[in-house]
Structures are given as structure tokens and as C-alpha cells.
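Please look over the sequence and the model below before reading on. The paragraphs that follow go through the structure part by part.

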Amino acid sequence: MKPDLLLVEPMMPPIMEELHRDYTVHRLYEAADRPALEAALRSIRAVATGGGTGLSNDWIEKLPSLGIIAINGVGTDKVDLAYARSRDIDVTTTPGVLTDDVADLGIALMLAVLRRLGDGDRLVREGRWASGEQLPLGHSPKGKRIGVLGLGQIGRALALRAEAFGMSVRYWNRSRLTDVEWVAHESPADLARDSDVLAVCVAASAATKNIVDASVLEALGPQGIVVNVARGSVVDEDALIEALRSGTIAGAGLDVFVNEPKIRSEFHSTPNTVLMPHQGSATVETRLAMGRLVLANLAAHFAGQKSPNVAN
């Protein structure tokens, strides 16, 4: 008998094929699967889910045989890691394989804001360029200071890319690092004060909720921009919207939001803001690599081995 697995959201077709080959898959997102899912709750031994979706404690309680939650991503803020461990449930992630694509998107968002790509696209499409309207001058990244908030794998990769554009790097991290030569700051506000671009890469947790608040945005100043490729929860959205509207900061490039995809309507009209629908890891190549790592994590668990990617 193949182990029963709850699939919270779809994955790439080749990954889905392997899941169906090795497991009895119950698709939570398919209404037609619900009767079989309800009948299999006590026998489900694994869950595959996305980092932005996770799995609630209510669902964990419904699954008495659950032994592993395999997250297709690196974010663990949507799973109660301590509660899962108290139930002897491994929570695995897919580290490393999405680092480059997320860092690339962070740089892309920064350039889009600095060079006004969104405004320029609308100017051309709406015929205003043909009518003689000119796009205001943008800004070059060269010579600017980038502050990386959270110097994990993604933060480091983004910092290295920024250096290639002629930027100087400084950072804040929850623990002081000894293997980098970039300037370290004691607080997020100190980092923002010494930055032209604040790149938010910090992991989401209770300790980092709203870590980018009004004081950090004020320290960044009217020429500064925010780029967020972490999680929406690490930025105080009330403060961010007010800062964008009032000119406290110059702009923002955002890939993540609180309550996504139903984001606040105020973002639709914020000036000099580039919005993306949480696409950090969304390339064919990376999603396939992430899916293969999910498969490997599941296979290790059912082989009685401890995956190296257990997060709890």
C-alpha cells in the first residue's frame, strides 16, 4: 500500500507524476477529492504544502498519523514548528535551490523602482509617450548603499549581486557574522539610516513581525527605497503606505504582502511602487528543483532517515 499524502496546493507536473507514483495523493484544493480525503484523515502520514500556505494546527490535529510536513519553499512561518515537534512531526524545507532566483528578483525590483520601469511601461502603453509626455529621470544603482536586512543565503546572494552593480553593502542580522567584511549595524534603523536601498530578506517570525516600522522608514529617508522579498509580515504595511504617500521614502519594490493575494487596495495607488505577486522562486527551473527536494525529503522520511532539511 502506498502511503497517504495530503497535497495542499499543486506542484509542477513532473513532480505531481512522481507524487502519484509513490503516494496515494489527496488534493486539498480539489473539491472532487474531498470525500476520499475525509475518509483517509486518520491514515495520512505526510503533507506537502507551500511556504506561503503551510499547515494550520487545526489540520495537524485532524491527522493523527502525520509524520512529516514537506514545505515546498524556505518559509516556515505558516507552520507551528514547536507544536509539530511536540507531535513528533518533521517539518522540512527546500533551502538553497531558490536562493538565486529570489535574489535576482530582489535586484530586478530595485532596478524597476530606480529606473521607473512600471511608470515607463504605462507611459508607452497608454500612448502618452507618443503625445510628447516624458518619463522623469531615474536613478543609477552605481555608487549607492544597499542595506541588507537579514544576511541569510538569500541576503548574501542579493548583496553580491548588488556589488556587481557598483553598490556598497552593509547589513543587519539577528546574530553578528564573522565571515563577511561588509559593515554591520546594531539595529534595523541604524542600517536604514546608512542605506539608499533597504533590501528586506529577514525570515518571518514573531520576533521579526513589523521589524520594518515607521522609525526604520523615517531613517531610510526621502531618497530611499524598500525592496521586500521576505514576507509581508516583516513590514508594517500601515507605516509603509503612509511613507510612500507622504514622501517619507522614495519608493518600494514588493513581492510579498500581508494577507496575499488579497492585498490592501491602497497599494494599487501608491506612487513609484512596483508590485509582484509573490514570484521570488517562480521560475520553471527553480520550481522543479524545489519539487525534487520535496520528493527527496519525503523519500528520506519514509526510508526511516532524517532529512538534512528538517527545520524543527
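Which residues does asparagine 173 touch, not counting residues up to four places away in sequence? They are Gly150, Leu151 and Gly152. This is a predicted model, and the description below should be read with that in mind. Asparagine 173 lies in the loop between strand E7, residues 168-172, and strand E8, residues 183-184. A polar atom of the side chain of asparagine 173 lies 2.8 Å from the backbone nitrogen of leucine 151. The side chain of asparagine 173 also reaches the backbone oxygen of serine 175, at 3.0 Å.

Strands E7 and E8 belong to an open sheet of seven strands. Read across the sheet, the order is E8-E7-E6-E9-E10-E11-E12, and the pairing is parallel. Each of the two edge strands, E8 and E12 (273-275), pairs on one side only. Within this sheet, E10 (residues 225-228) and E11 (residues 251-254) run parallel and are joined by four bridges.

Helix H7, residues 153-164, touches E6, E7 and E9, and its direction makes about 175° with that of E6. Helix H5, residues 99-114, lies across E6 (145-149), E9 (197-200), E10, E11 and E12. The direction of H5 is at about 150° to E10.

On the H5 side, the contact is made by Thr99, Asp100, Val102, Ala103, Asp104, Gly106 and Ile107. On the H7 side, the residues are Gln153, Ile154, Ala157, Leu158, Arg161 and Ala162. Sorted by class, the contact of H5 with H7 has seven nonpolar, three polar and three charged residues.

The model holds another open sheet, which has five strands in the order E2-E1-E3-E4-E5, with parallel pairing. The edge strands here are E2 (24-27) and E5 (90-92), and each pairs on one side only. On average, neighbouring strands of this sheet are turned by 20° against each other, direction ignored. E1 (residues 4-7) pairs with E2 in the parallel sense over four bridges. In that pairing, leucine 6 stands opposite histidine 26 in E2.

Helix H11 lies across E1, E3 (44-50), E4 (68-72) and E5 of this sheet, and runs at about 170° to E4. Helix H11 also packs against another helix. H1, residues 13-22, and H11, residues 284-302, meet at an angle of about 15°, with their axes 9 Å apart. Because of that angle, H1 is roughly parallel to H11. The crossing of H1 and H11 is right-handed. Pro14, Ile15, Glu18 and Leu19 in H1 meet Leu288, Gly291, Arg292, Leu295 and Leu298 in H11. The residues of this contact divide into six nonpolar, one polar and two charged.

One more residue can be located in a helix. Glutamate 61 is in helix H3, residues 57-62. Leaving out residues up to four places away in sequence, glutamate 61 touches Tyr83 and Arg87. Glutamate 61 and leucine 41 are 20 residues apart in sequence, and their C-alpha atoms are 10.0 Å apart in space.

Two details of the backbone remain. Most residues other than glycine have a negative phi, and most peptide bonds are trans. Arginine 116 is in the loop between H5 and helix H6 (117-125). As for the peptide bonds, the one that joins glutamate 260 and proline 261 is cis, with omega at about 5°. Proline 261 is in the loop between E11 and E12, and these strands are part of the sheet of seven.

Technical notes. Residues are numbered from 1 along each chain as its sequence is written. This is a predicted model: local features need pLDDT of at least 70, side-chain atom pairs count only at pLDDT 80 or more; totals for chains, interfaces and linings use all residues. Side-chain values use heavy atoms; hydrogens and water are left out. A polar contact is a pair of N or O atoms within 3.5 Å; within protein, one must be able to donate a hydrogen and the other to accept it, and residues adjacent in sequence count only if both atoms are side-chain atoms. Contact means heavy atoms within 4.5 Å. Axes are lines fitted to C-alpha atoms, for helices over the stretch in contact, and angles run from 0 to 180 degrees between N-to-C directions. Angles under 35 degrees count as roughly parallel, over 145 as roughly antiparallel, 65 to 115 as roughly perpendicular and the rest as oblique. A crossing is left-handed if the near helix is turned anticlockwise from the far one by less than a right angle, and right-handed if clockwise. Ala, Val, Leu, Ile, Met, Phe, Trp, Tyr, Cys and Pro count as nonpolar, Asp, Glu, Lys and Arg as charged, and the others, Gly among them, as polar. Two strands pair if DSSP finds at least two bridges between them.
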